[in-house]
Amino acid sequence: MNSKNLYLVDVTLRDGSHAVKHAFTEEQIRVVARSLDQAGVKFFEVSHGDGLGGSSLQYGLSFVNEMKLIEAAVDECRQSEVSVLLIPGIGTKDHLDEAAKLGAKMVRVATHVTEADVAQQHIQLGRELGLKTAGFLMMAHMAPVDKLVQQAKLFESYGAEIVYIVDSAGTLLPHQVKDRTAALRQVLTCDIGFHGHNNLSLAMANTIEAINEGATYVDGSLRCLGAGSGNTQTEVMVAVFERLGFLTGIDLYPIMDAANGVAAQIMQRPQEVTGTSLIMGYSGVYSSFLLHTQDAAKRFGVDERDILVELGKRQAVGGQEDLIFQVAAELAN
Ligand SMILES: C[C@H](O)CC(=O)C(=O)O
Ligand SMILES: [Mn+2]
């Protein structure tokens with residue numbers, strides 16, 4: 001058995017924001033943050049689902065200002081560190097500055113898989129602020145491997161310390177994760193991360209493929225709370241990794257208690273592979289479109305699956321949430 005040191009970054013309080021329509025309260029953030037800290041999670045992420053500055057009509061208004069939530073999470077940390085997500089164009093350098101002043105210690109700068117070049121100044125700012133700084137290549141299935149490699153190299157050249165392959169749509173198959181991770185490992189000197197979604201029930205298998213090919217940062221959420229069918233399940237990863245000899249520094253029973261005693265209480269619905277989220281994985285549509293698609297289907301009286309298949313054909317990406325309603329209206333006609 002090979003023993004490997006891994007960083008498990010928990011995204012319940014950021015990706016999970018999509019699943020609760022950005023309605024986290026300060027108390028919810030505090031109890032989850034406390035339980036992650038007590039379980040020994042090194043980094044966990046807190047932001048609007050679409051990152052800093054995401055609270056808007058387009059992406060969904062936050063119930064509580066995310067800076068207040070970040071401050072509360074930092075206040076609960078004894079050993080963990082708080083990460084934030086920043087999508088240039090949605091969040092700004094000022095947002096990042098403010099989050100760092102409130103005590104965030106890590107930033108993941110996220111772009112569409114072909115647009116790493118918009119992130120240079122944000123990556124550089126992350127480093128200047130002394131944050132652990134990562135590049136996060138979303139919708140990684142939408143670029144061929146050579147393009148992904150080129151974009152990852154850009155992130156590294158700007159100063160990213162980790163480059164993530166992000167399976168935003170939960171659509172990558174294990175061999176595709178393997179090929180992508182291996183290709184990055186060949187050319188990058190920085191760390192590699194993997195962020196999975198479970199729309200095809202492959203998040204765990206994909207995460208293990210990524211680790212076997214050299215990824216050392218992997219994302220998860222408690223009880224899978226996240227966009228679409230949710231993320232790789234944090235507490236299950238801890239159990240599986242222990243059996244595989246991968247070391248995370250996270251204690252199994254406390255993280256199980258965080259999941260089932262704490263996170264489960266804030267979930268608005270069970271996180272499952274439903275017909276809608278399965279079709280997202282099948283057609284490669286952004287996981288965070290789930291609730292918007294369900295709203296649009298109801299409003300226009302059309303089948304959610306038809307909307308998603310059409311969005312997949314049009315290669316919709318994050319930021320095009322308005323297209324969901326346009327497609328639903330067209331189908332209704
Ligand atoms: C903004 C997205 O929710 C970021 C993410 O977690 C993903 O692409 O997946
Ligand atoms: Mn995600």
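1. A residue is called buried here if 20 or more other C-beta atoms lie within 10 Å of its own, exposed if 12 or fewer do, and partly exposed in between, with the C-beta atoms placed from the backbone. By that criterion S168 is buried, because 32 other C-beta atoms lie within 10 Å.

2. The model is predicted, and local features need pLDDT of at least 70, side-chain atom pairs count only at pLDDT 80 or more, and totals for chains, interfaces and linings use all residues. Residues are numbered from 1 along each chain as its sequence is written, while chains are lettered from A and ligands numbered from 1 in the order in which they are written.

3. On the barrel: eight strands close into it in the order β2-β3-β4-β5-β6-β7-β8-β9, with parallel pairing, and the twist from one strand to the next averages 25 degrees. Helices (H or I, at least four residues) and strands (E, at least two) are DSSP runs numbered from the N terminus, and two strands pair if DSSP finds at least two bridges between them. Between the parallel strands β8 and β9 there are two bridges, and F194 stands opposite V218 in β9. Axes are lines fitted to C-alpha atoms, for helices over the stretch in contact, and angles run from 0 to 180 degrees between N-to-C directions.

4. On the annotated sites: in an unreviewed UniProt entry, one "binding site" annotation covers R14, D15, S168, H195 and Y286, and a "binding site" annotation also covers D15, H195 and H197. UniProt positions are given in the numbering used here, feature names are shortened, and annotations may be inferred rather than shown by experiment.

5. On R14 and D15: R14 lies in the loop between β2 (7–10) and α1 (15–19) and is buried, because 31 other C-beta atoms lie within 10 Å. Leaving out residues up to four places away in sequence, R14 touches E45, V46, S47, G49 and L85, where contact requires that the two C-beta atoms, placed from the backbone, lie within 7 Å. D15 lies in helix α1 and counts as buried, because it has 28 C-beta neighbours inside 10 Å; with the sequence exclusion of up to four places, D15 touches G49, S221, G226, A227 and N231.

6. H195 belongs to strand β8 and is buried, because 30 other C-beta atoms lie within 10 Å; not counting residues up to four places away in sequence, H195 touches Y164, V166, D167 and D219.

7. On backbone geometry: S201, in the loop between β8 (191–195) and α8 (203–212), has a phi near 60 degrees, a positive value in a residue other than glycine. R223, in the loop between β9 (217–220) and α9 (234–244), likewise has a positive phi, of about 50 degrees, although it is not a glycine. S201 is exposed, because 12 other C-beta atoms lie within 10 Å, whereas R223 counts as buried, because it has 24 C-beta neighbours inside 10 Å.

8. On the domains: the assignment gives domain 1 (7–266) and domain 2 (275–332), with bounds that come from an automatic or database domain assignment. The C-alpha centres of domain 1 and domain 2 lie 24 Å apart.
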